[in-house]
Amino acid sequence: MNDLYAHSRNKAGIKHHLSDHLSSVSQLAGEFLADTPLADEAALAGLLHDLGKYGDLFQARLKGEAQGIDHWSSGAWSAISEYKAIAAALAIEGHHIGLQHFSKNHLSAINPKQLEINHPLQLRLSESNLDVIKSRLLADGINPRVNHTLLGNDLNSTINTMLDVRMVFSCLVDADFLDTEAHFNGTLEGKQYRQSGPKLQEKRALWILLEHIKEVQARTQAAQGVTEVRASLLDNCLKAADSTTGLFTLTAPTGSGKTLAMLAFALKHAIERRLRRIIIVLPYLSIIEQTASIYRSIFESHFGRHYILEHHSLADIGLEKTKSDSEGQLGELETAERLRRLLAENWDAPLIVTTSVQMLESLFSNRPSACRKLHRLTRSVILFDEVQTLPSNLAVPTLAALSHLAYGYDSTVVFSTATQPAFEHLHETVKSHSTAGWQPHKIVSEPQSLFDNMKRTHVSWGNPDDGIGWDDLASCLKEHEQALCIVNIKRHARVLWEKVGEEAFHLSTNLCSSHRRDVLDTVCNRLLNKEPVHLVATQCIEAGVDVDFPVVYRAYAPLEAIIQAAGRCNREGRQETLGQVQVFQPLIEGNENEFPDDYYKQAAQITKMLFRRHGADKMLLDNPDFITAYYRELYGISKPEAMKKTQRLLEYVTAGSFPDIAKEYRLIKQDAINVLVPYQPLIEAFNRLNDEGNKVGMTSEWIRRARPLTVSIYRPKPDDTIWDSLIPVKVAGRKEREQSDWFIYIRKEDYHPVLGLIPSGSLNIWIG
């Protein structure tokens, strides 16, 4: 049957034999989940995923003689009817159209006889007689067998089982993409697979890291108490690394060296437990940029630039949002679709730095590009830094999924922060959705001792019922040679910056990452040289950004935000007196928003309530027990397990609806777009990217080079005038442009040298 093919001719003029494609995908998919109970089913999914391509209609489509062909449902039905492999069936069905529904009714509807009568996508089956295509499969020397399936006849949908299905799906999608790519990159000598990512080399990496830490300690100017805390934290991390895989918390004060200490834990843990990958998950781009830069400075000269993967956006290009998911469309755009898929990261790197959005939304996604990387999470260490940013309305399903990831896939999950959320009280609720529940081990058994030795600031609390105007606040800041002020929304930052004066600096996510980096470098140099410096910032500066001001002003906010702000004050403990932190209530006029969203507002109100109840003397920001009490108060009011969003998600889980879960599970409420901006100091780089984006289009390399010049904004409404300034970036291989997630901003005058992107008349689209 050598005249049956999976794909059209490659650049060498060679067609892709179907039997070769099925066998290769099966082997890769099985290897991805080797040593897990899912390996057999992943391999079976690989053998059956393109079974329908044995049909005459699909072969005609390859010749341009047919379109609108469903080539996946036959394999999905074979997996159900012959092998009782439900996870494989869902993965096969979803490898073009996304995971659908884990339910008896939906699985029954995949029956070719029913699809012939009424196909939900108005497609034709490539062959309705399963016996015909199975006989062709056997004639090609492929005889699928499976020793173990995940679910059998069990249709009980849980967070655990849905994550297991996504794992099989991930292996199939990645294997399919890789083998297809290898064909189209092939030569007369055969397929050309991309080079595999480097290995972790955990023993050598740990030695390099510890040597780097020694060098940092030798030249530090930090106070002795701070250096002792950092040494103690590192020691705790190295000792805890001997533990078995599972769930952990790392609670330590800001400035105590968590960035390097938790990586030391991960590397030693990888040595002890033979783990293969480390994923660092961070909430903000500003932290990602800084963390990735630190790790590159340590490892890149030893292991090369591919050792660390920095992955920001969930939908790197956003063009997988198919309009009708029809094979007719996919057939017509086969080349473009293939090129789009090449842009989806599969996390084939030993050390990955990514966002909470990217990581967590992928765990609940149903799309091929988002799920492609999930199998890389097995036998890995996953470090969540600044975990206090996890929205409480997603806490229960998130903790359940991470618990299953740890205990079901021999991985370790660490929640690291100075303000550890009190998630343990959700253990029983989580346990009802994921067998192990949520009972993490403490890496630092007595964190209070670290906090006691890191006393670096005195916090003054303004009355939350007595607001201060922007003019008066600006005057207070200017009384100090060096001062930082953090406010809650960008509009306040702009107003205050104007009041302080143009000599002041500004930091928010309206600035592209290169601009933010330049601002921080300048500010840090002025701080170090004891030169005058005033910085007005939003909360993007609070987590993981190493600035060290003698005076910090912070608008009333959630308690964890105020603690993070205090961590930017006297960070190294070098001042002769304690650093000064002033919490203030801005004067809000009329119906103006004080906070970026309702949950942030609710948490800030808890902070104000605690001040009114206890007074300033008992607002103990350096006491983990007080922080736990704050979270219990917050969760007692918000009740994460009873929130409407939580309940809806869990209802969708019970119903087995992958599309509804993917739609509902969103860390960021509104859709965002990536905008390449004309930051003047890098205008030549902008012009090159602009020219390349227009002529060639978007590639994965283009995205990597564009990220330092990118600002994220909420997707504007269709009639917003900002669209006049945005040019969509086409995907390489496409002639026409489509509205996507990547745009080029063409009005250079709208990028302010201090405030960043200020779209004319469209200030409401800023992300707070």
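This is a predicted model: local features need pLDDT of at least 70, side-chain atom pairs count only at pLDDT 80 or more; totals for chains, interfaces and linings use all residues.
The buried residues of H23 begin with Ser513, Ser514, His515 and Arg516, and continue with Val519, Leu520, Val523 and Leu527. An α-helix has 3.6 residues a turn, so residues three or four places apart point the same way. Just after H23, lysine 530 adopts a positive phi of about 60°.

The cysteines can be considered next. A disulfide requires two cysteine sulfur atoms within 2.5 Å, and by this rule the count comes to zero.

| Cysteine | Closest cysteine sulfur | Distance | Relative accessible area |
|---|---|---|---|
| Cysteine 371 | Cysteine 171 | 11 Å | 0% |
| Cysteine 512 | Cysteine 540 | 13 Å | 0% |

Cysteine 371 counts as buried because its relative accessibility is 0%, yet its sulfur lies too far from that of cysteine 171 for a bond, at 11 Å. Cysteine 512 is likewise buried, and the 13 Å between its sulfur and that of cysteine 540 is too far for a bond.

Tryptophan 742 belongs to strand S21, which covers residues 742–745, and with a relative accessible area of 2% this tryptophan is buried. Along the chain, tryptophan 742 and asparagine 529 are 213 residues apart, while their C-alpha atoms are separated by 40 Å.

Methods. Residues are numbered from 1 along each chain as its sequence is written. Side-chain values use heavy atoms; hydrogens and water are left out. Buried means under 20% relative accessible area, exposed over 50%, partly exposed in between (1.4 Å probe, protein chains only). Helices (H or I, at least four residues) and strands (E, at least two) are DSSP runs, numbered from the N terminus.
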